[in-house]
Amino acid sequence: MPLQSFHPAVAAWFSAAFHSPTEAQLQAWPAIQSGRHALIAAPTGSGKTLAAFLAALDELVRRGVQMPLPDETAVVYVSPLKALSNDIRLNLEAPIAGIREQLQRMGLPDVEIRTFVRTGDTP
């Protein structure tokens, strides 16, 4: 099963939200989770952004169930401004909410993962 490498709450959220991983996700996750550099080149709609975000969220969830996450930036995502708000809403905010619900169902500690957007116009 391709989701075995994820925390159970992350895997449960993904399984509830999607029928199965895309080919891009299946190929990207092992590289990302091993700490290797990865470039995901695939067509629009193939799950590239979620592939990267889910691996990062998984790491934060694993750290966060052990002890509260420090109040610091852990992941930086660079995106064209045109796609940024959609990327954050669909690929970060929805998964974070769903994963937190799964943690609660499993009786595990809540992990507070926050998102912020900074543009060139931000002072």
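Predicted model: local features only at pLDDT ≥ 70, side-chain atom pairs only at ≥ 80, totals over all residues.
The protein has four helices and zero strands, with helices (H or I, at least four residues) and strands (E, at least two) taken as DSSP runs numbered from the N terminus. Local features need pLDDT of at least 70 and side-chain atom pairs count only at pLDDT 80 or more, while totals for chains, interfaces and linings use all residues. Residues are numbered from 1 along each chain as its sequence is written, and side-chain values use heavy atoms, with hydrogens and water left out.

**Overall shape**

- Read along the sequence, the pattern is α-α-α-α.
- The radius of gyration is 14 Å, close to the 14 Å that the globule rule gives for 123 residues, so the protein is as compact as a globular protein of that length. That radius is taken over C-alpha atoms, and the rule is 2.2 Å times the number of residues to the power 0.38.
- Along the principal axes, the C-alpha atoms fill a box of roughly 40 × 35 × 25 Å.
- Of the 123 residues, 35% count as buried (buried is under 20% relative accessible area, exposed is over 50%, and partly exposed is in between, with a 1.4 Å probe and protein chains only).
- Among contacts (heavy atoms within 4.5 Å) with a separation of 6 or more, 60% come from residues 24 or more positions apart.

**Nonpolar core**

- The largest nonpolar core holds 25 residues, and W29, L54 and I99 have the most contacts inside it. Such a core is a set of buried Ala, Val, Leu, Ile, Met, Phe, Trp, Tyr and Cys residues joined through side-chain atoms within 4.5 Å.
- Helices α1, α2, α3 and α4 each give two or more residues to this core, and α3 gives the most, with nine.
- Not counting residues up to four places away in sequence, L54 touches F6, V10, W13, F14, W29 and I99.

**Second largest pocket**

- This pocket has about 510 Å³ of space. A pocket is an open set of points on a 1 Å grid over the protein atoms alone, where a 1.4 Å probe fits and there is protein on both sides within 12 Å along at least five of seven lines; lining residues have an atom within 4 Å of a point. Grid points are joined across faces, edges and corners, and the volume is the space filled by probe spheres set on them.
- Its lining has 20 residues, and I32, A52, F53, A55 and A56 lie nearest the centre.
- Both α2 (23–33) and α3 (48–66) supply at least two lining residues, with the largest share, nine residues, coming from α3.
- The lining divides into 11 nonpolar, four polar and five charged residues (Ala, Val, Leu, Ile, Met, Phe, Trp, Tyr, Cys and Pro are nonpolar, Asp, Glu, Lys and Arg are charged, and the others, Gly among them, are polar).

**Residues to look at**

- H7 sits in the segment before α1 (8–17) and is buried, with a relative accessible area of 9%. Leaving aside neighbours within four places in sequence, H7 is in contact with D58, V61, R62, V65, L103 and L108.
- A11 is in helix α1 and counts as buried at 12% relative accessibility.
- M106 lies in the segment after α4 (81–105) and is partly exposed at 35% relative accessible area. Neighbours within four places aside, M106 is in contact with P8, A9 and A12; M106 and P8 are 98 residues apart in sequence and 9.0 Å apart in space, C-alpha to C-alpha.
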